[in-house]
Amino acid sequence: MRKLISVALFLLLASCATHLQVVQLPQKTDSVMLFKVDQLAGKQAGQQSLLSVQTGTKQWRWVQVDALGSPLARINLSVEGWHNDGFIMPNPQAQWLFSAITTAISPKSPFAFSRVVHSVGGLEYFTKNRWCWTTKPTANGWLIRLADQSLWQVTPLS
């Protein structure tokens with residue numbers, strides 16, 4: 001009975017997890033982009049962090065640190081998808097946030113979506129007909145709402 005419950009729970013969790021398929025990385029030369037990231041709503045509302053994105057032709061390296069410099073997430077994006085970088089704990093929310101930022105900064109999205117909808121709230125992205133996130137340009141960056149209802153203000157730094 002335990003085995004049956006375990007298998008059923010695994011299948012339920014696997015069906016709920018939506019992984020983004022990478023079609024191709026956006027064409028960026030080797031460069032580094034910096035962002036200030038403010039979580040406006042969600043589990044850790046009020047949290048501010050710094051995000052560094054090192055772009056290359058074969059992978060993009062994402063490093064998010066808190067105000068004290070402690071890493072919150074380190075993830076690489078390649079044509080094979082997202083991969084943890086180093087021994088830091090996996091951060092699925094960061095992966096979704098970074099995916100949304102990628103679509104905001106890239107004219108051509110690297111991910112395969114079932115649809116993208118232009119709405120009053122911004123661009124809404126769907127995969128397997130499930131809503132993933134919304135990106136809305138602001139005067140100084142983007143507002144991003146993720147499927148977990150967290151809201152983020154992402155501001156590029158010069």
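**Figure 1. Nonpolar surface patch including Leu-157.** In this predicted model, Val-32, Leu-34, Leu-50 and Leu-157 make a nonpolar surface patch of about 310 Å². Leu-157 belongs to strand E10, which covers residues 151-157. The relative accessible area of Leu-157 is 39%, so this residue counts as partly exposed.

**Figure 2. Overall chain and its elements.** The protein chain holds 2 helices and 10 strands. Read from the N terminus, the order of these elements is α-β-β-β-β-β-α-β-β-β-β-β. Of its 158 residues, 38% count as buried. The accessible surface of the chain comes to about 9,600 Å², and carbon and sulfur atoms account for 59% of that area. Among contacts with a separation of 6 or more, 41% are between residues 24 or more positions apart.

**Figure 3. The largest nonpolar core.** In soluble globular proteins, nonpolar side chains tend to be buried together. The largest nonpolar core of this model has 25 residues, and the residues with the most contacts inside it are Phe-35, Leu-51, Trp-62, Leu-97, Phe-98, Ile-101 and Ile-144. The most is given by H2, which supplies 6 residues.

**Figure 4. Surroundings of Ile-101 in the core.** Ile-101 is one of the residues with the most contacts inside the largest nonpolar core. With neighbours within four places in sequence left aside, Ile-101 is in contact with Phe-35, Leu-51, Trp-62, Ile-144 and Val-154. Phe-35, Leu-51, Trp-62 and Ile-144 are likewise listed among the residues with the most contacts inside this core.

Figure 5. The structure holds 7 aromatic pairs. In one of them, the ring centres of Trp-82 and Phe-98 are 6.4 Å apart and the ring planes stand at 45°, so the pair is classed as tilted. Because Trp-82 lies in strand E5 (residues 81-84) and Phe-98 in helix H2, this pair ties together parts that are 16 residues apart in sequence. Both Trp-82 and Phe-98 are buried. Together with Trp-60 and Trp-62, these two residues form one aromatic cluster.

**Figure 6. Leu-151 in strand E10.** Leu-151 is located in strand E10 and has a relative accessibility of 17%, so it counts as buried. Apart from neighbours within four places in sequence, Leu-151 is in contact with Asp-38, Gln-39, Leu-40, Ala-41, Leu-143, Ile-144 and Arg-145. Although Leu-151 and Leu-97 are 54 residues apart along the chain, their C-alpha atoms are separated by 9.7 Å.

**Figure 7. Salt bridge between Lys-36 and Asp-38.** Side chains of opposite charge can pair when their charged atoms come close. The model contains 2 salt bridges. In the one formed by Lys-36 and Asp-38, the closest N and O atoms are 3.5 Å apart. Lys-36 is partly exposed at 34% relative accessibility, whereas Asp-38 is buried with a relative accessible area of 10%. Asp-38 is also one of the residues in contact with Leu-151.

**Figure 8. Salt bridge between Asp-85 and Arg-61.** The side chains of Asp-85 and Arg-61 meet in a salt bridge with an N to O distance of 2.4 Å. This pair links distant parts of the chain, with Asp-85 in the loop between E5 and H2 and Arg-61 in strand E3, 24 residues apart. Asp-85 has a relative accessible area of 15% and is therefore buried, while Arg-61, at 30%, is partly exposed.

Figure 9. Lys-128 is a residue other than glycine with a positive phi, near 50°. Lys-128 sits in the loop between strand E7 (122-127) and E8, and its relative accessibility of 63% makes it exposed. Gln-149, likewise not a glycine, has a positive phi of about 70°. Gln-149 is found in the loop between E9 and E10 and counts as partly exposed, with a relative accessibility of 45%.

Key. Residues numbered from 1 in each chain as written. Predicted model: local features only at pLDDT ≥ 70, side-chain atom pairs only at ≥ 80, totals over all residues. Heavy atoms only, no water. Patch = residues over 30% accessible without salt bridge, like charges linked within 9 Å, V, L, I, M, F, W, Y side chains within 5 Å. Areas by Shrake-Rupley, 256 points an atom, 1.4 Å probe, with all protein chains shown as cover. Salt bridge = Lys/Arg side-chain N within 4 Å of Asp/Glu carboxyl O. Helix = DSSP H or I, 4+ residues; strand = E, 2+ residues; numbered from the N terminus. Buried < 20%, exposed > 50% of the residue type's maximum accessible area, 1.4 Å probe, protein only. Core = buried A, V, L, I, M, F, W, Y, C linked by side-chain atoms within 4.5 Å. Contact = heavy atoms within 4.5 Å. Phe/Tyr/Trp six-rings, centres within 6.5 Å; stacked < 30°, edge-to-face > 60°.
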